[in-house]
Amino acid sequence: MTTRPGVNIVPIHGKSPRIHDSAFIAPGCTIIGDVEVGEDSSVWYNCVLRADVSRIVIGQRSNVQDGSVLHCDPERPGDPDGSPLIIGDDVLIGHLAMVHGCTIEDRGFVGLGAIAMNKAVIGSDAMLAAGAMLTEGKVMEPRTLWAGRPAKPMKELSEAAIAGMRMGTAHYAHNAKEHAKAVDAALGS
């Protein structure tokens with residue numbers, strides 16, 4: 001990754017972010033501690049990824065959209081694993097989402113302003129609707145839509161909805177490359 005002005009990379013507790021060279025990290029982002037960002041993934045403007053007490057892993061071609069906050073929880077008595085945040089490949093995380101100590105399996109989708117809490121699981125090809133709150137420990141089955149506060153299962157997703165999510169992933173992977181060029185040009189890099 002080319003470090004751009006306006007991107008804050010902060011090592012802490014002997015851990016430094018590891019960002020693939022092909023990943024796009026937009027200006028205004030702060031990435032702290034034990035964070036791994038995979039190939040062709042993107043973290044958009046003004047996001048905070050803080051892995052100061054556990055780890056955050058983002059797979060390949062996944063995107064974290066503008067203003068989102070990602071965090072994790074440490075080990076505790078009775079919980080030796082803590083709550084790392086594990087994000088698979090081809091995941092879409094919408095603007096202003098709060099994703100905390102959960103697992104998002106490959107091709108999972110987190111809608112605009114949604115919240116996913118510790119030890120929750122968003123299954124493959126599943127969608128957490130905009131504004132929904134997936135409470136601690138809830139498990140979304142693959143290919144389902146959950147909505148509400150607290151989120152509950154609504155329906156199985158259609159092939160068209162799943163295809164739309166995959167198109168969104170491809171769009172963000174391409175658009176990240178365009179933004180990287182535009183940001184570099186604007187900054188004179």
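Reply: Happy to. First, a word on terms: two strands pair if DSSP finds at least two bridges between them. Strands are DSSP runs of E with at least two residues, numbered from the N terminus. This is a predicted model, where local features need pLDDT of at least 70, side-chain atom pairs count only at pLDDT 80 or more, and totals for chains, interfaces and linings use all residues. Residues are numbered from 1 along each chain as its sequence is written, and side-chain values use heavy atoms, with hydrogens and water left out.

Me: Thanks! How many bridges join β6 to β9?

Reply: Three, and strand β9 (residues 85–87) runs parallel to β6. Within β9, Ile87 is the bridge partner of Ile58.

Me: And which residues does β4 cover, and how does it pair with β6?

Reply: Strand β4 spans residues 30–37 and pairs with strand β6 (residues 48–58) in the parallel sense, over seven bridges. Thr30 stands opposite Val48 of β6.

Me: What about β6 and β8?

Reply: Those two also pair in the parallel sense, over two bridges, with β8 covering residues 69–71. Leu70 in β8 stands opposite Leu49.

Me: Switching topic: how many disulfides does the structure hold?

Reply: Zero, taking a disulfide as a pair of cysteine sulfur atoms within 2.5 Å. Cys29 is in no disulfide, and its nearest cysteine sulfur, that of Cys47, is 4.8 Å away.

Me: Is Cys29 buried or exposed?

Reply: Buried, with a relative accessible area of 0%. Cys47 counts as buried too, at 0% relative accessibility. The cut-offs are under 20% relative accessible area for buried, over 50% for exposed and partly exposed in between, with a 1.4 Å probe and protein chains only.

Me: OK, now the outside. Which residues form the nonpolar patch on the surface?

Reply: Val48, Val69 and Met98, with about 200 Å² of accessible area together. Areas come from the Shrake-Rupley method with a 1.4 Å probe, and for residues only the protein chains shown count as cover.

Me: Where is Met98?

Reply: Met98 is in strand β11 (residues 98–100), and counts as partly exposed at 40% relative accessibility.

Technical notes
Helix = DSSP H or I, 4+ residues; strand = E, 2+ residues; numbered from the N terminus. Patch = residues over 30% accessible without salt bridge, like charges linked within 9 Å, V, L, I, M, F, W, Y side chains within 5 Å. Salt bridge = Lys/Arg side-chain N within 4 Å of Asp/Glu carboxyl O.
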